[in-house]
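Q: Please take a close look at the interface in this model. What meets there, and how does the strand pairing continue beyond it?

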Number of protein chains: 2
Amino acid sequence: MQSRDIDVAIIGAGTAGLQAYQAAKKEGSSAVLIESGSYGTTCARVGCMPSKLLIAAAEAAHGVAEADVFGIKVPHWSVDGAAVMARLQHYRDRFVSGVVESTKEIPDSERLRGQARFTGRTMLQVDDHTQVNAKAVVIAAGSTPRIPAPFDQLEQLLYTNENIFDLETLPESLAVIGTGIIALELGQAFHRLGVKVSLFNPYDSVGSFSDPAVQQAAQQIFCERLDVHLKVDFQSVEASQESVKIAWQTSAGESKTAEFAKVLVAAGRIPNLAGLDLEKTGLKLDDKGSPSWNRRTTQCEDAPIFMAGDVSGYQPLLHEAADGGRIAGTNAATYPEIRTQPRRTPLAIAFTSPQMAVVGQSYQDLDLEQIKIGQISYQDQGRAKVINQNQGMARLYAQADSGLLVGAELFTPQAEHLAHLLAWAVQQELSVQEILELPFYHPTLEEGLRSALAELAEQLYDDKAGCRSLLKTIGS
Amino acid sequence: MQSRDIDVAIIGAGTAGLQAYQAAKKEGSSAVLIESGSYGTTCARVGCMPSKLLIAAAEAAHGVAEADVFGIKVPHWSVDGAAVMARLQHYRDRFVSGVVESTKEIPDSERLRGQARFTGRTMLQVDDHTQVNAKAVVIAAGSTPRIPAPFDQLEQLLYTNENIFDLETLPESLAVIGTGIIALELGQAFHRLGVKVSLFNPYDSVGSFSDPAVQQAAQQIFCERLDVHLKVDFQSVEASQESVKIAWQTSAGESKTAEFAKVLVAAGRIPNLAGLDLEKTGLKLDDKGSPSWNRRTTQCEDAPIFMAGDVSGYQPLLHEAADGGRIAGTNAATYPEIRTQPRRTPLAIAFTSPQMAVVGQSYQDLDLEQIKIGQISYQDQGRAKVINQNQGMARLYAQADSGLLVGAELFTPQAEHLAHLLAWAVQQELSVQEILELPFYHPTLEEGLRSALAELAEQLYDDKAGCRSLLKTIGS
């Protein structure tokens, strides 16, 4: 048994942990990075990168399937599932190895392998080999897919994002459990690649839209394009050698069954707090085992304990994990001096088709009495029609008194770009009028946002004629 | 011969003219809109919209051609030229009819058809039928393609953007005269649709990049993908019934000839000032026949004469034409009271592949001694690799003392979106540091901009470590 005295101990060598390590070192602290699993971030190994690679193949397939719309004739085409997965794995492995290499550049003495658990406020036991006495601890332990009943009983043919990208080829059919962001991204991608996909959710919701109008638009489009089952009551799940049979009751009380080659569970993620023996820290834990936590300091209570990344439950996104890790590493190093850091305007994007994005305050965050809403349907939007992607809608929220844009929910083609524009405007605290003074090029999808902003301006300002007449003339 | 007394006479019912009309009416003035050609804007009839429709088909074809990269197998495919043009014309006609209908909603008494020419400072003769005595005149007469020698001698098989979109099917081969924005957009689109395309330019330049590094990158990629001939000296052009033979000398002095089914001239445009008898206004005209003009008032000298849109030679873009028309119409109505209006941050986008965009101050506008430059190659950019569009580069310009972003030249995948972000940041007068505090989602093409901004931050600020270490970890 070794014993180590260190300024900052970091549990988890993912995105948040690596940033925390860099930040602590930059403050001149000694630091040790403890990892129980493989090196490489969730994003690169099993998250954003492999999913975007799958989606890139799916979009290529979709482009071929709809090429006829544009006058391009494709009499026959097929999906080479092994080639799809090979390209995915090739690039994924390159992205992962980039992260692993930079992790391994950290001196051996500052890296520990093994499962960490608290034995005191800032004292950790790593497996059976090392005891770490730290001045401060950063918990950046990530999260794990939640496997709801009855799928937790399934012993084979069960997949999550952790292993689905290792398939050697595409399955013939796939049940996707969940209709959230990951479920829709992957479910739609597999569907476009020719897999027979069905999605199931006990609840009546798709994606992460809290705005009822956008939620309805999303349900309509996804239920039209995909085999989506909402408000299901799972009865049983049985695996044979080659397939899984799912039995469920519909919301109308009808009993149904279907068989699938594989099951992908994408029903949310659980912070990796179990096994850390957090109760040894003296922190007060809620019924989920989480301590109280401040997102702007990343500190737990007023202890020398910090949380960053997915384990914190705050915005499980790479750029937020990186920010959180940096804040945590800095504050852990300078503790008891703690700096409060601003967080960026919330920005969450799902790479479905149409894409989904939530910017700033979502609908559920709003005090509706203080808010004006502008909306635009992309069904008749100029550029969207040109590229045959005229579907979806956007809703933008502005403060009624100040006219400041505070948030938006977007279900539009290429929302990833529109969402950046709006997030930057929200963080800059721009008013609707100020945004309308910025350039919108023609013909672009960005002009759709201008239509929604013009609708807001009509509600916010007296000068009703200006914006609308422009929009009419240029036919956007 | 009729005679009409009117507050504001507007020459040209395109984007600028229509906006000027609306603005003048809004000020309570009487106005008349004079049009010598067809109703419908340049943008909708022969500009942005039909070109983007052609490009949409070309991108569909390109997607099919490269689908194999993603594991999608397409053994045979073909381009149905008639179907491509039919879709283009269908949507173009719908966009045009939208504009025409809104033009026809203007009362008959406020619309005149015919060629206007000045007979005095604010007195116009329209064809032989009407004399208009105006208090102020807005010139919004648009522009016409320039046909350089020897192509001005060609009597058949000669096309410009004015008639190329009326083709019933795709030509077998096409000589494109010019390598500017329109030439590259259309030349590349026809090439991707299977037309044998060659582009020719007497000068050594492609697109509109003034930054030598970006210009070089663009030349390299376009010359690799397309049959581009720069620095040519045209010797002769001869048309037979079915083809055009072009003879030219290369920059090395070699004589060459080639035959093409059609010739598309895209070598710039000339303001429609000839025929207006502008000398009757008493304005001082330069050697091109243009009066001096203020882009923030749109006024010519201090006369009750205003110019807006392409005829002014300033940023021949729809959103600028709309702004210019609005300013001109307002100032014409309130003359002699003239308001100076801010213009938006310059934003010009070409829908090639990679796309080209120039934002704010271009390289040639810069005082290089006061400027720091940050750049990013998209060859190794994460998301660009995922979608197999990892080509091109971006260069961002910031003031050395203040750190304010002032402009950029972009030759990147989907630059249209990145350019909006940067243009908004430039107009907001954001510093590099402030922009780096805004959210960049992962994995997006926007992260490439962050890399360039981080390179700028290293030159501008002391804290060199922060940004780079983040970028390294997340592998963007």
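A: A salt bridge is counted here when a side-chain nitrogen of Lys or Arg lies within 4 Å of a carboxyl oxygen of Asp or Glu. The model is predicted, with local features needing pLDDT of at least 70 and side-chain atom pairs pLDDT 80 or more, while totals for chains, interfaces and linings use all residues. Residues are numbered from 1 along each chain, chains are lettered from A in the order written, and side-chain values use heavy atoms, without hydrogens and water.

By the salt-bridge rule, two such pairs cross the interface of chain B and chain A. One of the salt bridges brings together the side chains of R383(B) and E416(A), at 2.7 Å from N to O. Helices (H or I, at least four residues) and strands (E, at least two) are DSSP runs. In total, 86 residues of chain B contact 86 residues of chain A, contact being heavy atoms within 4.5 Å. The two chains bury about 7600 Å² between them, and 66% of that area is on carbon and sulfur atoms; buried area is the accessible area (1.4 Å probe) lost on putting the parts together, summed over both.

Strand β3 (residues 72–79) of chain A and strand β3 (residues 72–79) of chain B run antiparallel and are connected by five bridges; strands pair if DSSP finds at least two bridges between them. Within this pairing, S78(A) has K73(B) of β3(B) as its bridge partner.

Beyond the interface, pairing can be followed inside each chain. In chain A, strand β1 (residues 2–11) runs parallel to strand β7 (residues 130–139), and nine bridges hold the pairing. I6(A) is set opposite A134(A) in β7(A). β1(A) also pairs in the parallel sense with strand β2 (residues 31–35) of chain A, over four bridges, where I11(A) has I34(A) as its partner in β2(A).

Further along chain A, five strands make an open, antiparallel sheet in the order β19-β20-β23-β22-β21. Its edges are β19 (347–350) and β21 (371–377) of chain A; each has a single partner strand, so one side of each has no neighbour in the sheet. Inside this order, strand β22 (residues 393–399) and strand β23 (residues 405–412) of chain A run antiparallel, joined by six bridges, with M393(A) opposite F411(A) in β23(A). In a regular strand, side chains alternate between the two faces of the sheet.

Chain B has an open sheet of three strands, antiparallel and ordered β13-β14-β15. β13 (233–239) and β15 (255–260) of chain B are the edge strands, each pairing on one side only. Strand β14 (residues 244–249) of chain B pairs with β15(B) in the antiparallel sense over six bridges, and I246(B) faces A258(B) of β15(B) in that pairing.

Salt bridges also occur away from the chain contact. The whole structure holds 34 of them over all chains. Among them, E110(A) and K25(A) meet through their side chains at 2.8 Å, N to O. The pair ties together distant parts of the chain, 85 residues apart: E110(A) sits in the loop between α4 (81–104) and β4 (111–113) of chain A, and K25(A) in helix α1 (residues 15–26) of chain A.
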